[in-house]
Amino acid sequence: MVVVSIPGLDLERLTTYLTSAVPDLVAPDKVPHVTAELIAGGRSNLTYRLLTGTAEYVLRRQPLGHVLPSAHDMKREFRVISALGASPIPVPHTVHFCADPDVIGSPFYLMQSVSGTIFRSSDQLAAAGAETVKAIAFSLIDCLADLHLVEPAAVGLADFGRVAGYNERQLRRWSAQLDSSTSRVLPGMAQLRTALADQVPKPTVGTIVHGDFRLDNVVFDLAQPSAP
């Protein structure tokens, strides 16, 4: 159900902003303001389906609660998706980025809405059939391998990160995030941290990696299940 009031979105203010910043996006003669619904399933940043009177888009913003530094960077996310649009990797077309947190309480961006199926349960997979599940599994592997083959410089991301010391920085960041977020005792976590620190691999080349690549974080076209 599409609603006109939703947590995390001030729809009146969002309409005013979009009408000014991206005027072709909103049709005020058709709708008094944009409407939206929260897309369920996300575990970090909030994702909404946005209806503007001209088309349907997807809006992404930071979560409403505590946000760890650099953990929910909308600008970085927007930049990477935009860059990969020029590559063979299947990503939505990006539409607009807003850095001003005063509009809806957080930086956000808009992208193309893509239709398809998201598999969130084993029952869904069972209903799809063994051959489709096999195609889905191999397509996930192929897509991730293709992403790792993309040369960052070829898509405008040469300055996006530093190869030297990357793994060490990831471990330090993960440790700091763990320390700032832990609310209960986690058995074995100290041993895991020590084991990882003792076996940090040394990178030789830089590539693009997906920080949350999993089955329920991609959209499948079931007419072509081999293509997420």
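Predicted model: local features only at pLDDT ≥ 70, side-chain atom pairs only at ≥ 80, totals over all residues.
The protein chain contains six helices and five strands. Read along the sequence, these elements follow the order α-β-β-β-α-β-β-α-α-α-α. The C-alpha trace spans about 60 × 45 × 40 Å along its principal axes. The protein chain has 228 residues, of which 30% count as buried. Contacts were also examined by the distance in sequence between the partners. Among contacts between residues at least 6 apart in sequence, 61% join residues that lie at least 24 apart.

Helix α5 covers residues 166-181 and helix α6 covers residues 189-198. Their axes come within 11 Å and cross at roughly 165 degrees. An angle over 145 degrees counts as roughly antiparallel, and α5 and α6 are therefore roughly antiparallel to each other. The crossing of the two helices is left-handed. On the side of α5, the contact is made by Leu171, Trp174, Ser175, Leu178 and Asp179. On the side of α6, Met189, Leu192, Arg193, Leu196 and Ala197 take part. Sorted by class, the residues in this contact are seven nonpolar, one polar and two charged.

Individual residues were then considered, beginning with the cysteines. Cys98 is found in strand β4, which covers residues 94-98. Residues under 20% relative accessible area count as buried; Cys98 has a relative accessibility of 1% and so counts as buried. Leaving aside neighbours within four places in sequence, Cys98 is in contact with Tyr17, Val103, Pro107 and Phe108. The C-alpha atoms of Cys98 and Ala21 are separated by 9.1 Å, while the two residues are 77 residues apart along the chain. Cys143 is also buried, because its relative accessible area is 13%. A search of the whole structure finds zero disulfides.

Arg79 is found in helix α2, which covers residues 74-84. With a relative accessibility of 31%, Arg79 counts as partly exposed, because this class lies between the cut-offs of 20% and 50%. Beyond its neighbours within four places in sequence, Arg79 is in contact with Gly156, Leu157, Asp159 and Phe160.

Phe220 is placed in the segment after α6. Its relative accessibility is 0%, so Phe220 counts as buried. Phe220 and Leu196 are 24 residues apart along the chain, and their C-alpha atoms are separated by 34 Å. Leu196 is also one of the residues of α6 that make the contact with α5.

Key:
Residues numbered from 1 in each chain as written. Heavy atoms only, no water. Disulfide = S-S within 2.5 Å. Buried < 20%, exposed > 50% of the residue type's maximum accessible area, 1.4 Å probe, protein only. Axes fitted to C-alpha atoms, helices over the stretch in contact; angles between N-to-C directions. Helix = DSSP H or I, 4+ residues; strand = E, 2+ residues; numbered from the N terminus. Parallel < 35°, antiparallel > 145°, perpendicular 65-115°, else oblique. Left-handed = near helix turned anticlockwise from the far one by under 90°. Contact = heavy atoms within 4.5 Å. Nonpolar A, V, L, I, M, F, W, Y, C, P; charged D, E, K, R; others polar.
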